[in-house]
Amino acid sequence: MTLLAGALAVLAALLFAIASVAQRGAAADVPDDDARGGRLILRLVRSPRWWAGTVGDTGGFVVQAAALGVGSLLLVQPLLVTTVLFALPLEARLTGRRIGRSEIRWALVLVAALALFVVIGEPTAGVDRAPFAAWFPSLAVLVVVLLLCVLLAGRKRGPRRAALLAVATGLAYGLVAALTKSVVDALGDGVLALLTSWETWALVAAVLGGTLLQQSAFGAGPLAASLPAVTVGEPVVAAVLGIVVLGEQVRADGLEWALIGVLVVLMIAATAALSRSSAAAAPTPDPADREVATP
């Protein structure tokens with residue numbers, strides 16, 4: 001099951017990469033005055049490129065759900081950061097930019113760190129579902145931090161606003177990943193169990209909220225200010241929820257814990273560096289377009 005979960009996670013990462021390239025290009029075309037809430041959505045739904053990205057996102061989510069159905073969050077979510085490995089060459093090809101040596105080195109670091117983490121840590125599954133009482137403390141913290149980020153973002157503009165919205169997006173999508181595992185388990189008990197499960201409706205709310213926050217972050221400022229936080233935040237939040245709420249574990253003893261800590265730091269650093277490179281390769285809007293105000 002571990003091999004199957006890993007393969008599905010990498011396939012999901014490829015689909016998410018294709019989707020992100022398309023959606024970021026669409027969001028970058030939206031003037032800053034329209035890059036908020038409902039106006040942003042109205043602009044994006046008229047973009048064929050955004051719809052193509054939405055189809056890719058949907059496919060990626062379905063494959064991710066399948067991966068979580070047979071594997072742990074601690075295995076699947078770290079592998080999903082390979083999205084940046086796929087997105088970078090796609091965007092570089094579209095923009096005619098060559099991938100630099102630094103990016104290649106970070107890519108190798110990420111692949112090596114992921115492989116060693118899976119081999120040394122041997123992530124193990126916990127429970128697929130937990131009672132609401134076990135979820136409540138984590139949910140309360142997530143909601144408070146997310147709302148704080150959104151409120152602060154409303155008072156900022158440019159890169160700071162994009163970064164705050166990106167942090168909120170990472171929190172929402174990390175919750176989506178953890179809830180998906182529970183919803184997949186509920187689906188196995190039938191449609192009625194799925195529709196009456198609180199996790200199902202919490203998942204729907206998190207997906208819708210995360211999507212709006214992500215598009216707002218991409219449209220608020222340079223992608224380099226938002227993409228690293230989104231890419232790193234989701235697996236970190238999901239992994240923490242997997243450990244705290246669902247009881248997943250990493251098998252390690254003694255010095256292995258120190259090595260795992262180093263590997264996690266390397267994965268975060270490599271993911272952030274590749275995300276910044278991916279953002280630099282993505283299409284950027286014409287500055288004049290950002291100054292256009294619509295009625």
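1. A word on the annotation before anything else: UniProt positions are in the numbering used here, feature names are shortened, and annotations may be inferred rather than shown by experiment. With that said, the unreviewed UniProt entry lists "transmembrane region" for residues 61–90, 102–120, 132–153, 162–179, 191–213, 225–245 and 257–274.

2. Some housekeeping: this is a predicted model, where local features need pLDDT of at least 70 and side-chain atom pairs count only at pLDDT 80 or more, while totals for chains, interfaces and linings use all residues. Residues are numbered from 1 along each chain as its sequence is written, and side-chain values use heavy atoms, with hydrogens and water left out.

3. Two of the listed spans, by secondary structure (helices are DSSP runs of H or I, at least four residues, and strands are runs of E, at least two, numbered from the N terminus). Residues 132–153 come out as 100% helix and 0% strand, with end C-alpha atoms 30 Å apart. Residues 162–179 are likewise 100% helix and 0% strand, and there the end C-alpha atoms lie 25 Å apart.

4. H6 has 21 residues and reaches 29 Å from first C-alpha to last, close to the 30 Å expected. Among the buried residues of H6 are Glu103, Ala107, Leu110, Leu114 and Phe117. Just after H6, Glu122 takes a positive phi of about 45°.

5. How do H4 and H6 pack? The axes of H4 (residues 73–80) and H6 (residues 101–121) come within 10 Å and cross at roughly 175° (axes are lines fitted to C-alpha atoms over the stretch in contact, and angles run from 0 to 180 degrees between N-to-C directions). That makes H4 roughly antiparallel to H6, a label for angles over 145 degrees. Contact, meaning heavy atoms within 4.5 Å, is made by Leu74, Leu75, Pro78 and Leu79 of H4 and Leu114, Phe117 and Val118 of H6.

6. Lastly, Ala178, which is found in H8 (residues 159–187). Ala178 is buried, with a relative accessible area of 0%. Leaving aside neighbours within four places in sequence, Ala178 is in contact with Leu73, Trp135, Leu241 and Leu246. The C-alpha atoms of Ala178 and Gly242 are separated by 6.6 Å, though the two residues are 64 residues apart along the chain.

Technical notes:
Angles under 35 degrees count as roughly parallel, over 145 as roughly antiparallel, 65 to 115 as roughly perpendicular and the rest as oblique. The expected span of a helix is 1.5 Å times one less than its number of residues. Buried means under 20% relative accessible area, exposed over 50%, partly exposed in between (1.4 Å probe, protein chains only).
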